[in-house]
Amino acid sequence: MWPWRLILTACFFITLTPLYSSHAKPKAKKPTTSILSSHSSAQNIARINLSDFGSHVARFGNLAWGNSLFAIFTQINKERAITCVTALSVPEGKVLWQRGTPSRLNFAVSSDIPLQVYDWNQDGSDDVIYHDSGRLVILNGVDGSEQAAIEAEQPYSLYIYGTNQFGGAPGLILHGREFNSLLAPDLSLVWRISNGFSHFPMSVDVDRDGEPELLAGYLLLRSDGSLIWDRSSLGIHNDAAAYGDTDNDSSLEIAIATSGKAALLTSSGEILWRGEEFHAQHIAVGAFQSKTSNLQVVTMDRDRAQSGILRMYSNKGQLIWKMTNQGNRSMLSRVDNWITDSPTSLLLVSRSFKSPPTLYDGSGRIVEKFPFPPASRITNGQERFSLHFAQHFDMDNDGREEIFIYNEKALWIYRNKAKTLEMQGGKAAQSLPNPRIFNSTFYTGVQ
Ligand SMILES: [Ca+2]
Ligand SMILES: [Ca+2]
Ligand SMILES: [Ca+2]
Ligand SMILES: [Ca+2]
């Protein structure tokens with residue numbers, strides 16, 4: 001029953017509009033399923049029930065010795081104070097340690113919380129870094145004990161910044177509503193700047209000298225905190241950002257979801273084009289289409305009608321297609337290695353009210369759907385989904401990414417069991433440690 005009902009539901013709700021052919025003669029209806037789906041066969045490999053410590057926020061890392069994987073679920077109260085952190089082995093589902101008191105009331109999180117998982121003391125096992133109640137705390141990932149703590153002002157999110165100024169260890173950005181601070185590996189303050197609100201920073205080496213710059217909101221900063229450019233004129237705030245060399249000229253472009261029309265900028269801050277969004281919330285840059293060596297820009301729009309519109313643009317800003325009715329709170333993420341033998345990347349759309357997490361190809365066709373019954377319910381004969389989240393990386397170093405789906409009730413994991421062609425598409429490995437995972441955020445862009 002499952003797949004047929006989903007396919008019928010998708011056909012009913014999703015409108016795909018290919019724009020290159022708008023003036024051409026009517027054509028036979030195109031299939032909604034991708035040819036890449038023959039290289040995709042989702043197999044559920046774990047269904048972990050979360051008891052009372054489940055949450056909308058999960059991070060992932062190798063907390064114990066021997067590269068064993070853990071999910072770190074974090075609960076908060078109504079004042080956004082962290083009330084419980086639980087380290088859960090994956091896929092076994094055993095609690096390694098827990099700090100605080102779990103509560104079934106504290107699972108809901110509607111914006112980022114300042115918590116990341118990274119091997120801060122470089123001893124080979126990841127640590128849990130978070131800010132709570134005026135303190136920045138680093139927990140030893142092995143047992144949850146406090147490794148270090150300082151008093152620090154309240155950030156909105158935390159970002160591991162791979163600057164080279166500390167001799168190999170990264171710095172930590174406290175990304176606040178009105179400031180950004182860089183802390184050294186010993187947690188001493190290096191610099192602090194004021195800026196307008198944004199959700200999450202992004203590092204990008206715009207001049208390709210090996211030292212990444214930092215995009216904090218609409219400010220591009222050198223690693224010493226000095227300003228390169230300010231594009232506050234772009235709109236309400238930077239909701240999400242991504243980058244890539246979209247035209248193969250060796251110079252990077254920066255794509256920003258601006259809470260309004262999306263923007264593509266040169267690395268020197270010149271605006272190349274704007275999109276047509278009402279409220280661009282998420283953005284991705286990648287090689288989604290096989291017929292060109294240029295990259296595409298994809299956005300998720302919280303449009304005026306609140307349907308959730310997915311759009312794909314060429315690097316020149318030409319709208320290639322759009323798909324309405326994705327769900328107004330849907331997220332998107334570029335997935336490189338679900339199908340390792342494909343030269344193109346896929347799009348994972350998740351947190352839709354209307355369908356389970358879904359992989360699309362560069363033509364907007366469905367490659368795979370990932371059923372997640374813990375968030376599913378039938379209302380008036382139609383399937384609807386409560387809030388749920390998706391993450392993806394290669395958990396077992398076989399070159400293929402697994403898809404992780406979770407809410408406060410459960411964590412499910414899918415792998416691709418289809419036969420590979422044993423050709424590599426030249427895309428970067430997605431195993432841990434992975435910047436997309438240790439700099440995790442709700443506001444997916446380069447994520
Ligand atoms: Ca460590
Ligand atoms: Ca640089
Ligand atoms: Ca370029
Ligand atoms: Ca894998």
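N325 sits in the loop between β26 (319-324) and β27. Strands here are DSSP runs (E) of at least two residues, helices are DSSP runs (H or I) of at least four residues, and both are numbered from the N terminus. N325 is not a glycine, yet its phi is positive, about 60°. N325 is partly exposed, with 19 other C-beta atoms within 10 Å. The cut-offs are these: buried means 20 or more other C-beta atoms within 10 Å of the residue's own, exposed means 12 or fewer, and partly exposed lies in between, with C-beta atoms placed from the backbone.

The model is predicted: local features need pLDDT of at least 70, side-chain atom pairs count only at pLDDT 80 or more, and totals for chains, interfaces and linings use all residues. Residues are numbered from 1 along each chain as its sequence is written, while chains are lettered from A and ligands numbered from 1 in the order in which they are written.

S250 also has a positive phi, about 75°, and is not a glycine. Its loop runs between β19 (240-244) and β20 (253-257). Is S250 buried or exposed? S250 is exposed, with 7 other C-beta atoms within 10 Å. Most residues other than glycine have a negative phi, and most peptide bonds are trans.

Now turn to the cis bonds. One joins V90 and P91, with omega about 10°. P91 belongs to the loop between β5 (82-90) and β6 (95-100). Another cis bond leads from L432 to P433, and its omega is near -5°. P433 is found in the loop between β35 (410-416) and α2 (435-438).

Follow β27 into its sheet. This is an open sheet of 4 strands, ordered β27-β28-β29-β30, with antiparallel pairing. Two strands count as paired if DSSP finds at least two bridges between them. The edges are β27 (331-335) and β30 (366-369); each has a single partner strand, so one side of each lacks a neighbour in the sheet. Neighbouring strands are turned by 25° against each other on average, direction ignored. Axes are lines fitted to C-alpha atoms, for helices over the stretch in contact, and angles run from 0 to 180 degrees between N-to-C directions. Inside the sheet, β28 (residues 346-350) and β29 (residues 358-360) pair antiparallel over 3 bridges. L347 has Y360 of β29 as its bridge partner.

A further open sheet has 4 strands in the order β2-β35-β34-β33, again with antiparallel pairing. Here β2 (42-49) and β33 (389-393) stand at the edges, each with a single partner strand, so one side of each is left without a neighbour in the sheet. The twist averages 20° from one strand to the next. Strand β33 runs antiparallel to β34 (residues 402-406), joined by 5 bridges. F389 has Y406 as its bridge partner in β34.

Step back to the whole chain. What does it hold in helices and strands? There are 2 helices and 35 strands. The radius of gyration, taken over C-alpha atoms, is 21 Å, close to the 22 Å that the globule rule (2.2 Å times the number of residues to the power 0.38) gives for 447 residues, so the chain is as compact as a globular protein of that length. The C-alpha atoms fill a box of roughly 65 × 50 × 45 Å along the principal axes. Buried residues make up 48% of the 447 residues.
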